[in-house]
Amino acid sequence: MATKKGQTPEGPVIYTANRLDDGRVVFLGPDETWVDRLEEAVIYRGEVIEAGLAAGQAAERRQEVVGVYAVDIAGDRDEIWPLKQRERIRALGPSVVETGAGQEEI
Amino acid sequence: MNHVASSRAHQRARVYHYDQLDREFLAERVADFRDQVARRIAGELSEDEFRPLRLMNGLYLQLHAYMLRVAIPYGVLSSPQLRQLAYIARSYDRGYGHFTTRQNIQYNWPKLVETPDILQALADVDMHAIQTSGNCIRNITTDEFAGAAADELVDPRVYAEILRQWSTRHPEFTYLPRKFKIAIVGAPLDRAAIKFHDIGLIAKRNQEGEIGFEVYAGGGLGRTPIVGMKLRDFLPESEFLAYMEAILRTYNALGERDNIYRARIKIMVRELGQEFIDLVEREYAVLPHQKYRIEPAVVAWVGANFAPPEFDRAATPALMQRHVAENPDFATWVARNTHPHREPGYISAVISLKSIGGVPGDATANQMDMVADLADVYGFSEIRVSHVQNLVLPHVRRDDLFTVWQELVKAGLGTPNIGLITDIITCPGLDFCALANARSIPIAQRIAERFASLERQVDIGEVFVNISGCINACGHHHVGHIGILGVDKRGEEFYQITLGGSATNDAAVGEIIGAAFSYDLVVDAIETLLTTYIRLREKGERFIETYRRLGPLPFKEALYAGA
């Protein structure tokens, strides 16, 4: 079930933020490090959910990341699938080929 | 080092030329921001403390990364400035930029730590990102054909620049209740959607030939789309700034600051009606008019920046006419992508940034360089950005147009679709924007691909399709003949369609036609609307005219038959 705003998530969730110095999307990974790849995110369930949030907020206080929040997901360690389209696009990047990408320019 | 102070191309272009004071101010702002970024990285500033500082310099934090919005004053660029935008795209971003509906450019992937260097690169060409965010007066917008159009009565760039100087760092209007947008035109045909701005101005002349302004206020899109209300029919030129000051003061004093949804001036104007005009006039009456008076010398001083270039009076259309007769592809492009010029031997060339399957409004760094080169050789080193997200070479000799077109085609910039169904206004949507509910770009791409046949586009004729990924309406969906608004339904994308909007003289807000369509079905719905139009249209009738004649019913029936 999707978490509503202001509600403590029930899980499973992952934690995400933007890295401070370049703004890129990151996920809370093993050993409370921040990882770039969705599949490397640690999944939080049940009573450890709050611990994940605390770890994220501590990183925010250390000026590593900005705007930590939980993302509701489906799946398991093999495949993490954010429930909302917004979070899928945020995690995986724009759904369109970016202008000029992979092309030999004029 | 300032790159443009001694650039011949920049001096030749009809842009406002910075003086030493302007440059010193920008240098101080860049140094301030460099210090603020260093303090943020060092942890001396929290995000809450830093956010307003970065926003004042146009730096947002979007869905995937930071985003830098750079002001292009009233959409006017010199070729060295466009080259510098290309340099920034190449050096600090992913090799492209996105031109917006407010005649700005956005970079989607700048790093915070490099932003001070980007601002320095902008300052090097007399540009900045100041007041591209926040509750202040934003970039003034105008007609992309200003100073060139055959139908122009008054050059709006002069007054746009006066407004720019007045509104930049205006101490009283730095923290307005909400953002504030001003648009101005100087031709009878509104090409800047002035009735959908907080203030909209039409510069015109009276019978004595004196310049004055038709003044509108309280227009806007977003959650509450409203057509602006006329305040004055002919505000004399000398009183122009005093009256702007009176409108802003009235709004600043009485606007609702505690409810973001009611904070724009349009809510106030709609609710107060004539009383709003009375309040403005009362404020205006007590202002020290002499202080705000625009003297003819000031107009002349600013206007000198925009004096007509040295047109070749001997230029003729002969060669262009021959190429039109001999080359059908060129003839099609000329028919769609040019605009009549005030000088008989010249024409304005519109460069479509809406290639089939491309991202509307995007240009690669190499394309920007190439357009800058064309401007240098064929267009007095001047480029415009339109609010419909295309570029314009405003002054091209008709005899050079064939060569310009050939170069554009080589660069993938020769799409002949201006005003056709594939010339779609599109916001970045959920692919990039943190506020969006749904994607816009792939919808535009799928519509363009569905209607890729030029023959079919021409048969459909002029129709404006505008797409926004959320109710904030950056894609101007309310004023599209066909508007598409992305909405979120339980975490999935749906699209609401509006019909009958118009951004020009016959300003109108489109009406919602019915239930929203899924991502998969919305393009089919657009096709149904257009086939219905083709079936029902009378000879020579555009989509909007057929819609106005028949109303929504036949379109509704076609869309929802069997539902």
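In this predicted model, strand β4 (residues 96-99) of chain B is joined to β13(B) by three bridges, and the two strands run antiparallel. Within this pairing, Gly97(B) has Ala363(B) of β13(B) as its bridge partner.

Both strands belong to an open sheet of five strands in chain B, whose order is β1-β2-β5-β4-β13 with antiparallel pairing. The edges of the sheet are formed by β1 (59-61) and β13 (362-364) of chain B, each of which pairs on one side only. From one strand to the next, the twist averages 30°. Helix α5 (residues 115-123) of chain B packs on this sheet, where it touches β1 and β2 (66-70) of chain B. The direction of α5(B) makes about 15° with that of β2(B).

A further element is helix α9 (residues 274-286) of chain B, which has 13 residues. From its first C-alpha to its last, α9(B) reaches 19 Å, close to the 18 Å expected at 1.5 Å a residue. The buried residues of α9(B) include Phe276(B), Leu279(B) and Tyr284(B). Seen down the helix axis, the buried residues of α9(B) fall within an arc of 160°, so they line one face of the helix. The face turned away from that buried side carries the exposed residues Arg282(B), Ala285(B) and Val286(B).

The elements of chain B against which the buried residues of α9(B) pack are listed below.

| Element | Residues |
|---|---|
| β9(B) | 211-217 |
| β10(B) | 229-236 |
| α7(B) | 240-254 |
| α8(B) | 265-272 |
| α10(B) | 289-292 |

Key:
Residues are numbered from 1 along each chain as its sequence is written. Chains are lettered from A and ligands numbered from 1 in the order in which they are written. This is a predicted model: local features need pLDDT of at least 70, side-chain atom pairs count only at pLDDT 80 or more; totals for chains, interfaces and linings use all residues. Side-chain values use heavy atoms; hydrogens and water are left out. Two strands pair if DSSP finds at least two bridges between them. Helices (H or I, at least four residues) and strands (E, at least two) are DSSP runs, numbered from the N terminus. Axes are lines fitted to C-alpha atoms, for helices over the stretch in contact, and angles run from 0 to 180 degrees between N-to-C directions. Contact means heavy atoms within 4.5 Å. The expected span of a helix is 1.5 Å times one less than its number of residues. Buried means under 20% relative accessible area, exposed over 50%, partly exposed in between (1.4 Å probe, protein chains only). The arc is that of the directions from the helix axis to the C-beta atoms.
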